[in-house]
Amino acid sequence: MTAVNDEPDTMAGYPLGTSSAESARLQRQSDQLRPHSAALLHQLDLKPGQSVIDLGCGPSGILDLLSAAVAPTGRVVGVDANPYLIAQARDYADRAGLDNVEVLVADARHTGLPADSFDLVHARTLLATLPDPAEVVAEMVRLARPGGWVAGQEPDVECAICYPRLPAWDRLRQIFRAGFDRLGADLLIGRRLTELYRQAGLQDIQVVVHAGAYPADHSRRTILPDLVSSLRPVVLEFGLSDEAELADLDQAVRQHLADPGTLVMSELMVVVWASKPATARRA
């Protein structure tokens with residue numbers, strides 16, 4: 001068995017790295033955001049036999065939901081640039097018996113897959129991690145068949161709430177945003193989704209915004225300290241904090257969030273879907 005480096009390679013393009021802890025967080029996220037994704041697919045009314053793709057699927061993405069939506073004869077493709085995550089996605093699909101799912105190592109900006117191939121092209125929390133999200137949207141449009149769907153789900157972290165207020169929470173948010181900013185990524189990308197879709201030539205654009213406030217026993221309640229933990233190599237590299245401060249902040253924030261009386265909302269989740277024109281526009 002080939003050993004897998006458990007240290008994040010943040011310069012490989014994904015700012016949160018590829019540690020086992022981050023892979024586990026991504027798997028939890030698939031479960032946490034499942035209701036949003038299920039509601040989105042209900043709106044799109046996919047049919048058996050259609051072809052769909054999940055860009056940046058990570059270790060599971062929404063592969064199971066897509067598989068069920070187009071079964072038994074439909075085709076599901078999962079794409080991620082990280083071979084480690086794709087290996088996990090293959091294992092996940094095998095264990096879940098998702099026989100109509102295939103997963104591929106490819107860059108979501110340039111997949112190399114044929115144009116006009118999919119009835120739905122989907123990406124979730126992918127654009128927020130990349131310096132040029134318009135490249136991914138352009139590829140999504142290229143991959144969608146004429147009349148097909150393009151859909152995305154992205155965060156906007158500006159409207160976060162933690163009450164009673166905790167200075168350690170504010171500081172942790174500052175560090176998190178600064179880390180993403182240094183890498184050219186945009187944690188406010190959710191508000192830009194409709195504009196990006198419109199500029200890419202999509203039509204019939206629809207949007208829903210979810211504001212999740214999670215109870216003390218919910219795994220997504222600690223999304224901020226979990227994300228900062230994954231971003232730690234970037235934070236240290238750019239001198240945004242040090243080991244001692246990160247440890248103190250993590251402990252203080254987790255203790256505060258463990259109190260059922262604390263209200264926390266870490267981000268807005270913006271869900272957008274639109275259709276690719278059935279015919280090319282005239283100049």
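Start with the sheet: select seven strands in the order β3-β2-β1-β4-β5-β9-β7, and you have an open sheet with mixed pairing. Strands here are DSSP runs of E with at least two residues, helices are runs of H or I with at least four, and both are numbered from the N terminus. Two strands count as paired if DSSP finds at least two bridges between them. In general, strands of a sheet pair through backbone hydrogen bonds, either parallel or antiparallel.

Before moving on, a word on what you're looking at: this is a predicted model, where local features need pLDDT of at least 70, side-chain atom pairs count only at pLDDT 80 or more, and totals for chains, interfaces and linings use all residues. Residues are numbered from 1 along each chain as its sequence is written, and side-chain values use heavy atoms, with hydrogens and water left out.

Which strands sit at the edges? Select β3 (101–105) and β7 (203–211), each of which pairs on one side only. On average, neighbouring strands of this sheet are turned by 15° against each other, direction ignored. For angles in this tour, axes are lines fitted to C-alpha atoms (for helices, over the stretch in contact), and angles run from 0 to 180 degrees between N-to-C directions.

Click Gly 78, and look for its bridge partner in β3, Val 103.

**Helices across the sheet**

Show α4 (83–96) next: this helix lies across β2 and β3 and runs at about 170° to β3. Contact here means heavy atoms within 4.5 Å. Then pick α5 (133–143), which lies across β1 (51–55), β4 (118–124) and β5 (144–156), at about 150° to β5.

**A salt bridge to zoom in on**

How many salt bridges does the structure hold? There are 17, each being a side-chain nitrogen of Lys or Arg within 4 Å of a carboxyl oxygen of Asp or Glu. For one of them, select Asp 156 and Arg 191, whose side chains meet at 2.6 Å, N to O. This pair links distant parts of the chain: Asp 156 is in β5, while Arg 191 is in the loop between α6 (167–182) and α7 (193–199), 35 residues away.

Most residues other than glycine have a negative phi, and most peptide bonds are trans. Here are some exceptions to click on:

- Ala 71 to Pro 72: a cis peptide bond with omega near 5°. Pro 72 is in the loop between α3 (63–70) and β2.
- Tyr 163 to Pro 164: also cis, with omega near 0°. Look for Pro 164 in the loop between β6 (161–163) and α6.
- Thr 125: phi is near 45°, a positive value in a residue other than glycine. Thr 125 lies in the loop between β4 and α5.
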